[in-house]
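Trainee: I would like to learn how to read charged pairs and nonpolar packing in a model. Please start with the charged pairs.

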Amino acid sequence: GWWVVKQLFWILPMWILIIGSWSAFAYLVVYFDPESVGGKVCSAVEEIGIFTAFVVFLREGPDRKRQFLYQAWSAIDASSGVRMSYARFLALQDLNNNKLPLEGLSCPGAHLNKIKLANAKMNMANLEGASMAQCDFEEADLKKSNFKGADLADAMLVGSQLDFCDFTNANLCNADLSGSSMLCVNLSGANLSGANLEGANLSGSRVDGARFFNASLIGASIGGVNT
């Protein structure tokens, strides 16, 4: 039944689908309007063309998605070692907006200020020395990522997953980390002045040399913190 039709749709050559869609549309015109048996079928050429275009659009959907993925990752790969790349900036946001994972992303030293990657799946990323001031990583999964020396001033990290991340010497001034999970995070030498850590879980984290001037730690879990 329907399962067979669905499988045929994806495996039949395009020319067969086009002829089939024209035939199906012509049949429907005749079936629902007996007066159109002759000339009215011909007058429906425009509608048939639209219907055919719709069939082609559906069939080519996976190819368009593959092309989009290839172009996006090509832009990211081509910018390797380049500090500022607008193509990379847009590609990362587009991939995330399409709910595609960014695990293992490597952009050390990249300029990504104000990038919007809320809800990103980006664990084990390498963003050492990257500039990400005012970025949006709200509710993002960034576990085990490398943020050594990165600039995350005024970053939005509310509810993010930061377990086992390395923020050694990172700038987190005025960053919003409220409600985030920061288990066993390395904050050695990090600047968290003015940061919002309310409700964050810092259990087992390393904070030697970190600065917390005017930071808010209301309701934060700090059990086993290493100073």
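Mentor: A salt bridge is a side-chain nitrogen of Lys or Arg within 4 Å of a carboxyl oxygen of Asp or Glu. Side chains of opposite charge can pair when their charged atoms come close. This is a predicted model, in which local features need pLDDT of at least 70 and side-chain atom pairs count only at pLDDT 80 or more, while totals for chains, interfaces and linings use all residues. Residues are numbered from 1 along each chain as its sequence is written, and side-chain values use heavy atoms, with hydrogens and water left out.

Trainee: How many salt bridges does the structure hold?

Mentor: The structure holds three. In one of them, Lys143 pairs with Asp141, with 2.9 Å between the closest N and O atoms. Arg206 and Asp208 form another, at 2.8 Å from N to O. Lys148 and Asp166 also pair, their closest N and O atoms being 3.8 Å apart. Both Lys148 and Asp166 lie in the segment after H6, so this pair ties together parts that are 18 residues apart in sequence.

Trainee: Is Asp166 buried or exposed?

Mentor: Buried means under 20% relative accessible area, exposed over 50%, and partly exposed in between (1.4 Å probe, protein chains only). Asp166 has 17%, so Asp166 is buried. Asp141 is buried at 15%, whereas Lys143 is partly exposed at 27%. Asp208, at 25%, is partly exposed, and so is Arg206, at 43%.

Trainee: Which residues have the most contacts inside the largest nonpolar core?

Mentor: A nonpolar core is a set of buried Ala, Val, Leu, Ile, Met, Phe, Trp, Tyr and Cys residues joined through side-chain atoms within 4.5 Å. In soluble globular proteins, nonpolar side chains tend to be buried together. Here the largest core has 49 residues, and Met122, Met132, Phe137, Leu152, Phe167 and Leu187 have the most contacts inside it. Helices H5 (61-78) and H6 each give two or more residues to this core, and H6 gives the most, with four.

Trainee: Where is Cys173 placed?

Mentor: Cys173 is in the segment after helix H6 (86-97). Cys173 is buried, at 17%.
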